[in-house]
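Please examine the sequence and the model shown below.

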Amino acid sequence: MRKPIIAGNWKMYKTLSEAKDFALELKEKQVDSSKVDAVICAPALFLDQLVHVAKDSFISIAAQTMHEEKEGAFTGEVSAHQLQDLGVNYVVIGHSERRQYFNETDESVHKKVQAAFENKLTPIICVGETLEEREQNETVNIVSAQVMAALEGLSEENVENAIIAYEPIWAIGTGKTATADDANDVCQAIRETILDGFGEEVANSVRIQYGGSVKPENIEELLSNEHIDGALVGGASLQVDSFFKLLEAGQNA
Ligand SMILES: O=C(CO)COP(=O)(O)O
C-alpha cells in the first residue's frame, strides 16, 4: 500500500505573515504522518521561515521550482543545493505554469530532477496534456513521453522515490476536474510507462498524484482509485480548513 501524499501548491499567493499563520494553525491539527504525507509548496522567499515553523510537525515544506545548476551567475534563481541547505524536503518540477510561462522544457525538467536527487530533495514531477491534445486522443502519448524524459537514466532507487503529479492543463484552476475514472486511467498509464522503463517493483512503489481542481468535495472519490496516490492542490490548499479536510481524506484513504 502506497502512503497518500497531499501537497498544497500555493503558487504566488499569500504574504509571509499569512503563510506563517497558516502553518502555525495547521500544525496544531491532528494528522497522522504514518498515514499521509502533508506538503506545503511555498514561494521561495517564505521557505526558510516555514521550515522553522514546520520543524517537528507532520508538515513538510517544498519549493515550487529551482534551477538545475549548483551555483553560478543565474540572477534571480535558487538551486537545489540552497534548498537542501535550508531544510526543504521537496521541490515541484515542471509545473505546467512553469512550462507555459517560463520556458521549462522536458530537457530542463530532466536536469532539475537529477539535481534534486543529488541534493536529497524529493521531486514532485508534473506532467499533463492540453485540452487540444486530449481531444486528439494524445493524452497517454504526451504524458508518457514527459514522464520518460524526466526520469531517463535515473537509478531505480531514485525513480521509486520520485513523486509524479498528473495535472491535465485544462483542469487547473478551471473548476473542471477529470473524472476520477479518467484520472485513474492516465495514472495507470504512467505506472505502466514506469513499469516498462524500470520494472515492476519501482512501478508499484512510485506515488502518482492527481492535480486540477481537487477540493474536499471530490478528493475521496479520486483517492479511492487504485492508481491515484495523492493530490497536488492549488486553490483548495489556501485555507487551513479546506487543506486539513484534504489531509484527512488522505489519511483515511
Ligand atoms: O496547478 C495545480 C496544483 O499544482 C492545480 O490548481 P487548482 O487546484 O487550483 O486547480
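Not counting residues up to four places away in sequence, Y166 touches V127, G128, V143, A183, V186, C187, I190, I208, Q209 and Y210. Two residues are in contact if their C-beta atoms, placed from the backbone, lie within 7 Å. This is a predicted model, in which local features need pLDDT of at least 70 and side-chain atom pairs count only at pLDDT 80 or more, while totals for chains, interfaces and linings use all residues. Residues are numbered from 1 along each chain as its sequence is written.

Y166 lies in strand β6. Helices (H or I, at least four residues) and strands (E, at least two) are DSSP runs, numbered from the N terminus. Is Y166 buried or exposed? Y166 is buried, because 29 other C-beta atoms lie within 10 Å. The rule is that a residue is buried if 20 or more other C-beta atoms lie within 10 Å of its own, exposed if 12 or fewer, and partly exposed in between, with C-beta atoms placed from the backbone. The C-alpha atoms of Y166 and K3 are separated by 17 Å, and the two residues are 163 residues apart along the chain.

One of the residues that Y166 touches is A183, which has its place in helix α9. A183 is also buried, because 28 other C-beta atoms lie within 10 Å. Leaving aside its neighbours within four places in sequence, A183 is in contact with Y166, A178, Y210, L222 and I228. By contrast, A183 and Y13, 170 residues apart along the chain, have C-alpha atoms that are separated by 27 Å.

The discussion now turns to the strands. β5 and strand β6 (residues 163-166) pair in the parallel sense over 4 bridges; two strands pair if DSSP finds at least two bridges between them. The bridge partner of C126 in β6 is A165. β5 also pairs with strand β4 (residues 90-93), again in the parallel sense and over 4 bridges. Here Y90 stands opposite T122 in β5. How many residues of strand β5 (residues 122-127) are buried? The strand is mostly covered, with 6 of its 6 residues buried. Both of its faces are covered: on one side T122, I124 and C126 are buried, and on the other P123, I125 and V127.

In α11, the residues I219, L222 and L223 are buried. They lie on the same side of α11, because they cover an arc of only 85 degrees around the axis; the arc is that of the directions from the helix axis to the C-beta atoms. The cover over the buried residues of α11 includes α9 (180-198), β7, β8 and α12.

In an unreviewed entry, UniProt lists N9, W10, K11, G173, S213, G234 and G235 under "binding site". Although these residues are spread over 227 residues of sequence, they cluster in space, with a largest C-alpha distance of 14.0 Å. UniProt positions are given in the numbering used here, feature names are shortened, and annotations may be inferred rather than shown by experiment. K11 lies in the loop between β1 (5-9) and α1 (16-27), and G235 in the loop between β8 (230-233) and α12 (240-252). K11 is partly exposed because 18 other C-beta atoms lie within 10 Å. G235 likewise counts as partly exposed, because it has 18 C-beta neighbours inside 10 Å.

Of the 14 residues around the ligand, N9, I172, S213, G234 and G235 come nearest. A residue is near a molecule or strand if its C-beta atom, placed from the backbone, lies within 6 Å of it. This shell divides into 5 nonpolar, 8 polar and 1 charged residues. Ala, Val, Leu, Ile, Met, Phe, Trp, Tyr, Cys and Pro count as nonpolar, Asp, Glu, Lys and Arg as charged, and the others, Gly among them, as polar.

S213 has its place in the loop between β7 (207-211) and α11 (216-223). S213 is buried because 21 other C-beta atoms lie within 10 Å. The unreviewed UniProt entry also annotates S213 as "modified residue: Phosphoserine". Apart from neighbours within four places in sequence, S213 is in contact with A171, T174, G175, K176 and T177.

The backbone deserves a final remark. Most residues other than glycine have a negative phi. Phi of S213, however, is a positive value near 60 degrees. N103, which is not a glycine, also has a positive phi of about 60 degrees.
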